[in-house]
Amino acid sequence: MSAVIAREIDMAFGSNGLKTQVLFDVDLEVASGELTMLVGPSGCGKTTLLSILSGTLKPTGGEVEVMGNVITRMKDSEKVILRRRRIGFIFQQYNLLPALTAAENAAMALVADGMPLKVAAEKARVVLETLGMGPHADKLPRQLSGGQQQRVAIARAIVHEPDLVVCDEPTAALDAETGRQVMELLKDAAGGPGRAVLVVTHDNRIYRYADRIVAMEDGRIVGDSRLGTLPEGLHAH
Ligand SMILES: Nc1ncnc2c1ncn2[C@@H]1O[C@H](COP(=O)(O)OP(=O)(O)OP(=O)(O)O)[C@@H](O)[C@H]1O
């Protein structure tokens, strides 16, 4: 099953005379149960495409379906609810709230959906334990290493059991060994049957964690490991 289906996506920034087109007629399906990596040089449009696929940015053309919902035709208020319930987000800079503990940070998606903080933090604690973070659940972000903070961010992204987890450069701020550990956790904990994980990266050290690699260049998809069309030097395994 496809978690995301994008058809003929165009994206331009700016207006009239100063328009810059950054995505050209992109078609992409992201399968559930797989870790798909979107790779390519800086500025080729990866983050822009990720933002469009997860409903945080509206494309200038084309259509996006997330778990059967055509988000490009949804009202903003409906998209907020869909994102909150069905999508988890992980960023390079963990974006944890400094005044909240690891458990409270990890609980945010549940709290945003109306669950009392105490109950949500207990659920988050269970997820943190699966990520090896049990002993750190009551610490503040500044008391944690980068790798530990990224584990909290993974917990926050999966605590509400979303259908899709999107990650933008999740290992860019981490050393090689910590990046490898974070990817193992992402693949095991975030992945799994029925859930799609979409990772944007240009960190070639983590390409081997992909089930599928999709390559972009200059706003277009130029290769796909599934089709055997990856450019030279890019391999899924
Ligand atoms: N809000 C915006 N307004 C204008 N231009 C933008 C905006 N966001 C992105 N761009 C431009 O769109 C192009 C693609 O940017 P994007 O961040 O998607 O690339 P990327 O492949 O993710 O790059 P990186 O790997 O460096 O993060 C770039 O030329 C960027 O300058």
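The model is predicted, so local features need pLDDT of at least 70 and side-chain atom pairs count only at pLDDT 80 or more, while totals for chains, interfaces and linings use all residues. Residues are numbered from 1 along each chain as its sequence is written.

- β9 (residues 212–217) runs antiparallel to β10, and 4 bridges join them.
- Across that pair, Ala215 sits opposite Gly223 in β10.

**The core**
- The largest nonpolar core has 72 residues, and Ala106, Ala124, Leu128, Ile154, Ala155 and Leu198 touch the most other members (a core is a set of buried Ala, Val, Leu, Ile, Met, Phe, Trp, Tyr and Cys residues joined through C-beta atoms within 7 Å; buried means 20 or more other C-beta atoms within 10 Å of a residue's own, with C-beta atoms placed from the backbone).
- Helix α6 supplies the largest share of this core, 6 residues.

**Helix α5**
- α5 (residues 117–130) has 14 residues and reaches 20 Å from its first C-alpha to its last, close to the 20 Å expected at 1.5 Å a residue (that is, 1.5 Å times one less than the number of residues).
- Its buried residues are Ala120, Ala121, Ala124, Arg125, Val127 and Leu128.
- After α5 comes Gly132, with a positive phi near 75°.

Notes
Two strands pair if DSSP finds at least two bridges between them. Helices (H or I, at least four residues) and strands (E, at least two) are DSSP runs, numbered from the N terminus. A residue is buried if 20 or more other C-beta atoms lie within 10 Å of its own, exposed if 12 or fewer, and partly exposed in between; C-beta atoms are placed from the backbone.
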